[in-house]
Amino acid sequence: MTKLAPVLSAHWDEKDSFTLEGYKRHGGYKAAEKALAMDPDAVIQLVKDSGLRGRGGAGFPTGMKWGFIPQGDNKDHYLVVNADESEPGTCKDMPLLMANPHVLVEGCIIACHAIRAKHAFIYIRGEVTHVARRMNQAIADAYAAGILGNGIDVVLHVGAGAYICGEETALLDSLEGFRGQPRLRPPFPAIAGLYARPTVVNNVESISAVPAIVMNGAEWYQSMGTEKSKGTTLYSLSGHVANPGQFEAPLGITLREILELAGGVRPGHKLKFWTPGGSSTPLFTDAHLDVPLDYEGVAAAGSMLGTKALQIFDETTCVVRAVLRWTEFYKHESCGKCTPCREGTWWLVQILRDLEEGKGTEADLAKLLDLCDNIMGRSFCALGDGATSPITSSIKYFRDEYIAHLTNGACPFDPVASTLFVGAGA
Ligand SMILES: Cc1cc2nc3c(=O)[nH]c(=O)nc-3n(C[C@H](O)[C@H](O)[C@H](O)COP(=O)(O)O)c2cc1C
């Protein structure tokens with residue numbers, strides 16, 4: 001059976017895991033020393049050979065992204081670390097930064113050396129003051145110890161708290177002081193990113209995975225995971241489970257296996273639906289318990305691995321209510337730049353709200369799907385696409401539950417309004 005494989009999370013249970021001393025006790029900053037003695041191109045090749053893929057959602061090969069940065073162009077290059085983590089259900093980067101901020105600092109040093117950058121910016125969401133303080137302390141300690149400031153600088157930038165600022169080009173606009181809205185591509189950030197200079201944008205977990213790869217080698221990393229999805233990753237398990245939290249395992253573990261490790265669905269209840277990669281990835285049901293949670297396995301089963309945010313819902317949850325709540329989030333977070341997303345998410349909420357209250361008609365389901373069709377692939381960035389995922393997938397798997405709202409004239413899970421209450425304790 002696939003087991004947990006703590007690499008990033010190996011020492012999270014130690015009281016001082018977040019301090020410089022705690023990090024150095026386990027060989028911290030040795031990988032940076034080793035990488036700085038290597039040719040930058042050799043570091044890029046090593047990361048390419050490891051098979052590391054971006055952990056921010058899309059799974060793009062990290063070494064290949066670094067290799068896109070033009071060399072010998074006499075321009076400043078930048079590394080930008082995406083610590084916005086706003087996808088509903090995703091809670092891996094913040095725990096990582098709380099438990100081990102130095103691994104990110106070390107990853108930044110290695111990545112900057114590889115792409116020949118002198119500056120790294122870490123963009124963190126505004127609400128997580130405690131994480132920002134911890135990260136700032138780690139950066140200050142690294143400067144005081146002479147680890148930073150010798151040709152590589154790291155700056156923490158605290159955003160104002162917007163989901164769209166996790167989208168890499170909106171993030172760059174925000175970092176430059178503009179309103180966070182996505183940019184037209186091309187040019188891609190590797191050519192014209194921060195301040196129109198070649199820029200790599202990577203997720204916190206992607207950069208934090210690099211020191212262990214440098215220390216242990218590409219083959220070691222390749223030996224974990226599946227054919228095309230290598231290494232270990234942090235799965236965040238939340239919702240109706242006995243022991244929610246972060247579980248680090250090789251890519252390809254199944255939800256059934258993770259649930260076993262987490263003590264199962266909360267006692268007395270059974271799995272109804274779940275998200276494999278946050279709320280912008282199509283829902284799965286109990287029929288998908290054995291899908292390998294790697295990029296290919298999840299895609300073949302009709303969803304996306306995304307941020308590996310496994311949100312678990314048991315039979316007491318109204319799927320229409322859950323989807324409405326997510327859709328309200330997307331409507332609120334739509335930046336307004338493009339019409340399909342700005343107007344579309346607004347209409348999705350109106351129709352879903354009526355359906356959830358049992359007020360709509362069956363024709364509204366067709367209208368919802370039609371709206372989704374007009375947003376998917378037509379919005380300026382992937383926020384709009386993501387907003388449609390829970391809707392289309394929930395109608396696919398739970399059409400009967402939508403219809404039950406209509407025939408009942410109310411949400412069947414509402415103990416007051418419904419005569420057919422099917423919720424908890426029914
Ligand atoms: C609406 C939206 C929000 C996103 N939020 C995040 C985020 O919070 N963190 C993140 O790393 N990537 C986020 N992404 C993905 C980034 O655009 C980008 O793909 C990622 O930071 C690249 O890093 P990686 O290659 O290491 O995965 C978001 C994308 C979209 C469309």
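Which of the 18 residues around the ligand come nearest? In this predicted model, the residues that come nearest are G56, K65, N202, N203 and S206.

**View 1. The shell of residues around the ligand.** The shell is made up, by class, of eight polar, six charged and four nonpolar residues. Two elements, strand β4 (199–203) and helix α16 (382–408), each supply at least two residues of this shell, and β4 gives the most, with three residues.

View 2. In the side chain of S206, which is among the residues that come nearest to the ligand, an N or O atom is 2.6 Å from an oxygen atom of the ligand. The side chain of N82 likewise has an N or O atom that is 2.9 Å from an oxygen atom of the ligand, whereas for R55 it is a polar backbone atom that is 3.4 Å from an oxygen atom of the ligand. Of the 610 Å² of accessible area that the ligand has on its own, the protein covers 88%.

**View 3. An open sheet of five strands.** The strands follow one another in the order β6-β5-β9-β7-β8, and their pairing is mixed. At the edges of the sheet are β6 (245–250) and β8 (284–285), each of which pairs on one side only.

How values were computed:
Residues numbered from 1 in each chain as written. Predicted model: local features only at pLDDT ≥ 70, side-chain atom pairs only at ≥ 80, totals over all residues. Heavy atoms only, no water. Pairing = 2+ DSSP bridges. Helix = DSSP H or I, 4+ residues; strand = E, 2+ residues; numbered from the N terminus. Near = heavy atom within 4 Å. Polar contact = N/O pair within 3.5 Å; in protein donor to acceptor, adjacent residues only side chain to side chain. Areas by Shrake-Rupley, 256 points an atom, 1.4 Å probe, with all protein chains shown as cover. Nonpolar A, V, L, I, M, F, W, Y, C, P; charged D, E, K, R; others polar.
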